[in-house]
Amino acid sequence: MFKKLLLSSFILFCFSVNTVSDEVTMESDGTIHEFNYFTVTDPQNFMMALDKFDKSKCAEKWRNESGVGVSLWSLRGSGSTHFILVVYENAEKMQLGRAIFNTCNESGQMIKSFQKNTDTDRSWNWVSESVVSARQWTNDTVFAKYNFKVEEGHESHYLNSWKKMMSSQLDSVKGSFGMNRVLFGNRYVSHMVYVGNESLDELLNSQKTVLSSDEFMDFSMDVKDIRQNVNVELVSLVKYYTGE
């Protein structure tokens, strides 16, 4: 029962968004995210290592004291095969969570095991913060993730233009969507946008509708001189880690 309550609390603080009727609020939820990218070479042993740590006393302490949420996602359209997403309510919780994780023997053993089940030369990570979080993205299992770079000093221009475009597409975009700012690890990208759905077919159809709209064309023209697209990834849920 306690673990179920803990999972419910995690979902509420990390992914809740205020909605009234058909109104969609586009604002930051304050969360901090660690994206840990891996090229997995031995999927079975990789999953076993994650599951073993998830059931450890260290992971339990990590969740209970920092409120961290952890999940695994598979990738297409990327040089990596997976990423582990670690979400904190805010920077203070992240600092606490990192202190716990970094001092556990179990976490050290898990990280060491990655030498045998991933290509560690291709592992990397970034830390981002929420700029916009619209609708509850834990309801979705598949996402289009757009990675791009905005020229310094032009984020406000880009954000306002993107929000205007997305506001015009709410009838087409039925799932969650949002934008993150990359705080650390931003050598190639400064921001990412995600658009989610429960169905890949519906996600693809909605994206086709948006990308062919006049509003998207206006948006593209407005930001073309301040944005550099890097790549688009297809992201699919593998598992949430809750200790169960």
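The model shown is predicted, with local features requiring pLDDT of at least 70 and side-chain atom pairs counting only at pLDDT 80 or more, while totals for chains, interfaces and linings use all residues. Residues are numbered from 1 along each chain as its sequence is written, and side-chain values use heavy atoms, with hydrogens and water left out.

**View 1. Packing of helix 3 with helix 4.** Helix 3 (residues 57–66) and helix 4 (residues 91–102), both DSSP runs of H or I with at least four residues, pack at an angle of about 165° with their axes 9 Å apart; they are therefore roughly antiparallel to each other. The contact (heavy atoms within 4.5 Å) involves Cys58, Lys61, Trp62, Glu65 and Ser66 of helix 3, and Lys93, Leu96, Gly97, Ile100 and Phe101 of helix 4. These residues divide into five nonpolar, two polar and three charged, where Ala, Val, Leu, Ile, Met, Phe, Trp, Tyr, Cys and Pro count as nonpolar, Asp, Glu, Lys and Arg as charged, and the others, Gly among them, as polar.

**View 2. Packing of helix 6 with helix 8.** Helix 6 (residues 155–167) packs with helix 8 (residues 214–223) at an angle of about 175°, their axes lying 9 Å apart, which makes helix 6 roughly antiparallel to helix 8. His157, Tyr158, Ser161, Trp162 and Met165 of helix 6 make the contact with Glu215, Phe216, Phe219, Asp222 and Val223 of helix 8, a set with six nonpolar, two polar and two charged residues.

**View 3. The largest cavity.** A search of the whole structure finds one cavity of 30 Å³ or more, a cavity being a set of points on a 1 Å grid where a 1.4 Å probe fits but cannot get out, with lining residues having an atom within 4 Å of a point. The largest cavity has a volume of about 200 Å³, and of its 16 lining residues the closest to its centre are Phe35, Leu85, Trp137, Met192 and Tyr194. The lining divides into nine nonpolar, five polar and two charged residues.

**View 4. The largest pocket.** The largest pocket, an open set of points with protein on both sides within 12 Å along at least five of seven lines, has a volume of about 530 Å³. Its lining comprises 27 residues, of which Asn36, Phe38, Ile84, Phe101 and Met110 lie nearest its centre, and by class 19 are nonpolar, four polar and four charged.

Notes: Axes fitted to C-alpha atoms, helices over the stretch in contact; angles between N-to-C directions. Helix = DSSP H or I, 4+ residues; strand = E, 2+ residues; numbered from the N terminus. Parallel < 35°, antiparallel > 145°, perpendicular 65-115°, else oblique. Points joined across faces, edges and corners; volume = space filled by probe spheres on them.
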